[in-house]
Amino acid sequence: MSTHPETLPTFNIDPPEGWADIGFRELWDYRELLYFLTWRDVKVRYKQTALGAAWAIIQPLFMMLVFSLFFGRLAKIPSDGIPYPIFTFCALLPWQLFAHALTESSNSLVANERLITKVYFPRLVVPIAAVLGGLVDFVVAFAILLVMMFYYGIVPTWAIVTLPGFILLAVMTALGVGLWLSALNVKYRDVRYTINFLIQFWLFATPVAYPSSIVPAKWRALYGLNPMAGVVEGFRWALLGKQEAPASMLWVSVTVVILILIGGLYYFRRMEQQFADVV
Amino acid sequence: MNDVSFDVKRGEVVGIIGRNGAGKSTLLKILSRITKPTKGHAKIHGRVGSLLEVGTGFHPELTGRENIYLNAAILGMRKAEVAKKFDEIVAFAEVEKFIDTPVKRYSSGMYVRLAFAVAAHLEPEILVIDEVLAVGDAAFQKKCLGKIGEVAHGGRTVLFVSHNMGAIRSLCTEVIWLDEGKMVIEGRASDVVDQYLRTTLLGSGSSVDLSNVQRSLGNGERLRLLNIEFNSGRPIHHGEPLAVRINFETMVDVPNVAFGFGFSTFEGVRVMTIDSDLVEAQRALPKGHVGSVRADVSLLQLQPGRYALDVGARAGDHGSLDYVAGCAQLEVLPGPTTPSSIIRDTGGVRVPANWAWSETPAFA
């Protein structure tokens, strides 16, 4: 036999013990599975569509056109001195990333029911892969933003280096909320129907079609309780060179996201012990 | 499950047997860490690879090649490991020509072969296998069993659930027999299997209730087999008539229905098949029909011995409506006309022929 007993890992199987630790180490051991599940989601998404990956561009582009026409032209909503189309497109990118990631991760456990009932692996891999799958669409649509910035002659400032931070924040928000919803979805399929509502309300509560400057200054930090407000304004600041960084709002957003995410991780790990029996 | 405790030593191949609902799959799920027990404890040394279903995680839109990598990752194999074994997996599955075709275009046989091939090349220290051999054609099943045997004899620890007593007997060293979540006995494979077969053997006078047993093929949703009875409860003898009656019900209109039985040895070799559409046309049955059909064999030529019975209903030539493999084990007793020599192993069936004698050698 090639392996010695002392090199073999030992597993203990015991009844559920309430709160479990997050198990980052095991998650790391399963990084290849995370990669393949993400890859599968990306690969399969636009199969048998005539337009293929162009959908990643068409969706935000059409929303930009609609918003520009109704909110920019007709309702004359201010855009902090930035041309309205790019003002809203710059916000739609992280918004779509978030909305897609949230929907996919919330439905991920139910969609992967077969896997969960037939194979063991750290369940966290499933919603995380669902969130990461959205990044590819984001990168594709981002290329369009660069073209638009060139067209409008917008040169980004040094603030652009903070952009990955805002992308991370959007992903963490989606994952944090997605962990709660995916775990709930296993037991209560009502979640599936709630997500669409939730995302629509959330869109209106986020400064995508309007600037956060229309919110009175003293309330603006509070506005950051919606982490996507911080993300969207952060994007505009990092890319379009808006004057002031949304600092106070951002700190509130980051704190909120960290709380949701940590809470989501522990809640998920607790519920995970019943997934295979309930789903 | 309750009061089940056992030790498996490294390199042992342990079979788990029992009726449907006995807790076999639950035990495997707990040991594979898919579900948590409500109480109790288990300690496992080594990585566990579980194969509870063939093709878990296969995606129809992806090609064979892509699914190999995906499925392997799901089963816990490293990418580098898969790359090394890739050709071997493809060759085992016999899908070389279609490796870059989406698996949704595969025939079900190809699909299953590919799925099993990936799983068969897993190399964890402990392999947990649920009844996955109930798929594929006979030749492939044999190949799968061979592969499992190879794994088992290669020093790996294997836990193997099956209804195929032939496979259990030939692969396993130890067998655990579960019933209603409890352990009946544990011991040497052949002893436990013998005892299991004796108690579950279809006794004379009984009929087999099929309404709630697990289906192997077809789902029993259009037409469902309800029960099956032999010789109205009288013992079955070699060389005597055999009457088999099936009760069934239909949930929808089904055209072209044919019924059939198969008798297999416990080693898994089919020795006799009785199909209704061999001698009469397939029938159309209306929705909501509760009926029965009786097959009369004037002389049962099956040798005395014990057989596993498969029963099924087909629509047309392919589509299985309902199929229960190994639904009963039945004993064919020596009949009054059985010569004593036939009781020894002389093959599956003994058929009468017309014999023409001549006084001179004849050449064609």
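R33(B) is partly exposed, with 18 other C-beta atoms within 10 Å; on the scale used here, 20 or more such atoms make a residue buried, 12 or fewer make it exposed, and partly exposed is in between, with C-beta atoms placed from the backbone. This is a predicted model, in which local features need pLDDT of at least 70 and side-chain atom pairs count only at pLDDT 80 or more, while totals for chains, interfaces and linings use all residues. Residues are numbered from 1 along each chain as its sequence is written, with chains lettered from A and ligands numbered from 1 in the order in which they are written.

Neither entry is a glycine. The helices (H or I, at least four residues) and strands (E, at least two) that flank them are DSSP runs, numbered from the N terminus.

| Residue | Phi | Loop | C-beta atoms within 10 Å |
|---|---|---|---|
| R33(B) | about 65° | between α1 and β2 of chain B | 18 |
| E180(B) | about 45° | between β6 (174–179) and β7 (182–188) of chain B | 12 |

Let's turn to where the chains meet. In total, 34 residues of chain B are in contact with 28 residues of chain A, contact being C-beta atoms, placed from the backbone, within 7 Å. On the chain B side, α1 (24–31), β2 (42–45) and α2 (64–74) each give two or more residues. Strand β2(B) also runs antiparallel to β1 (residues 10–13) of chain A, joined by four bridges; strands pair if DSSP finds at least two.

The largest nonpolar core has 139 residues, of which L93(A), F160(B) and V175(B) touch the most other members. Such a core is a set of buried Ala, Val, Leu, Ile, Met, Phe, Trp, Tyr and Cys residues joined through C-beta atoms within 7 Å. Helix α4 (residues 84–111) of chain A gives this core its largest share, 15 residues. Leaving out residues up to four places away in sequence, V175(B) touches several residues, among them V14(B), I168(B) and V193(B).

A second, separate core of 29 residues includes L225(B), I246(B), L285(B) and A328(B). L225(B) stands opposite F248(B) in β11(B), and seven bridges join β9 (residues 223–230) to β11 (residues 242–250) of chain B in antiparallel fashion. Both strands belong to an open antiparallel sheet of four strands in chain B, ordered β8-β9-β11-β15. Its edge strands, β8 (207–209) and β15 (290–297), each pair on one side only.

Key: Contact = placed C-beta atoms within 7 Å.
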